[in-house]
Amino acid sequence: MSTSNPLIAVTMGDPAGIGPEVAVKAFPSVTEFARVVVVGDLGVMRRARDACDAEFDVRAVDSVESVDDDPTALSVIDCDNVDDLVHGELREEYGAASLAYVERAIDLAVEGEIDAIATAPINKQATRMAGSEHAGHTGLLAARTDTENYSMMLIEDDLRVTHVSTHVPLREACELVTTENVLETVRVTDDALRNLGIESPRVAVAGLNPHAGDGGLLGDEDDDEIAPAVERAVADGIDATGPISPDTVFVRAARGEFDCVVSMYHDQGHIPLKMLGFDAAGGVSGVNMTIGLPIVRTSVDHGTAFDIAGEGIASETSMVDAIRVAADVARHR
């Protein structure tokens with residue numbers, strides 16, 4: 001790879017959503033620390049450029065070798081797979097298109113042609129309509145890279161959260177809280193923090209039950225499954241603490257006591273991050289990073305926002321953050 005700024009492939013996301021717009025609006029802010037190429041549809045990206053009143057060129061490139069950090073021209077690998085664009089509409093063809101962008105970017109990353117991927121949002125209903133067996137990006141990334149042990153890390157300023165499980169029903173999520181699953185999540189969390197440049201990571205492990213089970217009074221999982229995982233992680237040389245009552249652990253981490261919290265399920269980890277990342281004015285910040293993969297992948301921490309797509313008003317903050325984190329991890333790796 002070039003010794004210049006890391007090359008980040010931004011997947012366009014669902015054509016009918018805000019992904020193209022946030023990619024356009026983020027572009028001028030990221031050229032100082034990253035070279036960007038969008039994997040998507042050239043026509044859709046040009047419409048997004050016009051909707052956002054951006055003044056730079058949007059051009060097609062045949063290969064990533066020609067991508068530079070020129071802030072006057074956004075490069076696009078044109079998959080040319082959107083014939084009719086209707087913003088805010090759920091369509092099978094849009095789901096298939098968004099999957100194609102992710103698959104192309106993964107292949108580029110695996111082949112070493114790009115340094116990292118930052119993904120704009122896809123619509124899970126549309127991708128299911130298109131035949132995908134995965135609930136979102138993460139399962140597709142893991143399957144296409146033959147990765148067994150991985151997790152989702154959310155990042156908002158100094159608060160970071162990983163998850164033992166994500167897109168599964170709550171009943172199933174509780175069943176997935178096993179010693180092995182928790183231990184593997186702690187291990188990939190420690191590795192990811194080191195990739196972020198933290199030399200001696202401090203990992204907090206949240207409990208599953210209120211008050212982390214309160215000595216078995218409120219459930220046995222904390223003592224029977226989570227505590228042994230923490231003990232084994234410590235024996236492996238990881239600075240891990242827990243299980244800690246989930247109603248206090250995120251506050252302690254946000255205050256700087258820990259570098260990351262391992263949460264037990266989706267909402268336990270997402271709610272505190274999104275409380276910090278979504279502001280009253282409609283701005284959205286924060287980054288979703290898939291950890292444990294052989295490639296670097298970050299993502300915005302919001303959805304397709306069909307209700308405002310095409311209006312040029314979507315916040316680009318989360319995409320700027322996602323590209324910045326992707327570039328930072330690529331440098332450390």
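Let's start with helix α11, whose buried residues are Ser-318, Met-319, Val-320, Ala-322, Ile-323, Val-325, Ala-326, Ala-327, Val-329 and Ala-330. Keep in mind that this is a predicted model. The geometry of α11 holds up to a quick check: at 1.5 Å a residue, the 16 residues of this helix (residues 317-332) should span 22 Å, and the end C-alpha atoms sit 23 Å apart, which agrees. As a reminder about helices, there are 3.6 residues a turn, so residues three or four places apart point the same way.

Leaving aside residues up to four places away in sequence, Ala-322 touches Ala-118, Val-287, Thr-298, Ser-299 and Val-300. Thr-178 is another story: Ala-322 and Thr-178 are 144 residues apart in sequence, and their C-alpha atoms are 31 Å apart in space.

Now for the sheet. It is open, has 12 strands with mixed pairing, and runs in the order β3-β4-β2-β1-β5-β12-β11-β6-β7-β10-β8-β9. At the edges stand β3 and β9 (239-244), each with a single partner strand, so one side of each has no neighbour in the sheet. From one strand to the next, the twist averages 25°. Helix α8 (residues 221-235) packs on this sheet, where it touches β8 (202-206) and β9, and its direction makes about 170° with that of β9.

| Strand pair | Sense and bridges | Bridge partners |
|---|---|---|
| β3 (residues 57-60) and β4 | parallel, four bridges | Arg-59 and Ser-75 |
| β1 (residues 7-11) and β5 (residues 116-119) | parallel, four bridges | Ile-8 and Ala-116 |

Five of the six residues in β4 (residues 73-78) are buried, so the strand is largely enclosed by the rest of the structure. In general, side chains in a regular strand alternate between the two faces of the sheet.

Last, the cysteines. How many disulfides does a search of the whole structure find? The count is zero. Cys-260 is buried, with a relative accessible area of 0%, whereas Cys-174 is partly exposed at 30%.

Terms used
Residues numbered from 1 in each chain as written. Predicted model: local features only at pLDDT ≥ 70, side-chain atom pairs only at ≥ 80, totals over all residues. Heavy atoms only, no water. Helix = DSSP H or I, 4+ residues; strand = E, 2+ residues; numbered from the N terminus. Expected span 1.5 Å × (residues − 1). Buried < 20%, exposed > 50% of the residue type's maximum accessible area, 1.4 Å probe, protein only. Disulfide = S-S within 2.5 Å. Contact = heavy atoms within 4.5 Å. Pairing = 2+ DSSP bridges. Axes fitted to C-alpha atoms, helices over the stretch in contact; angles between N-to-C directions.
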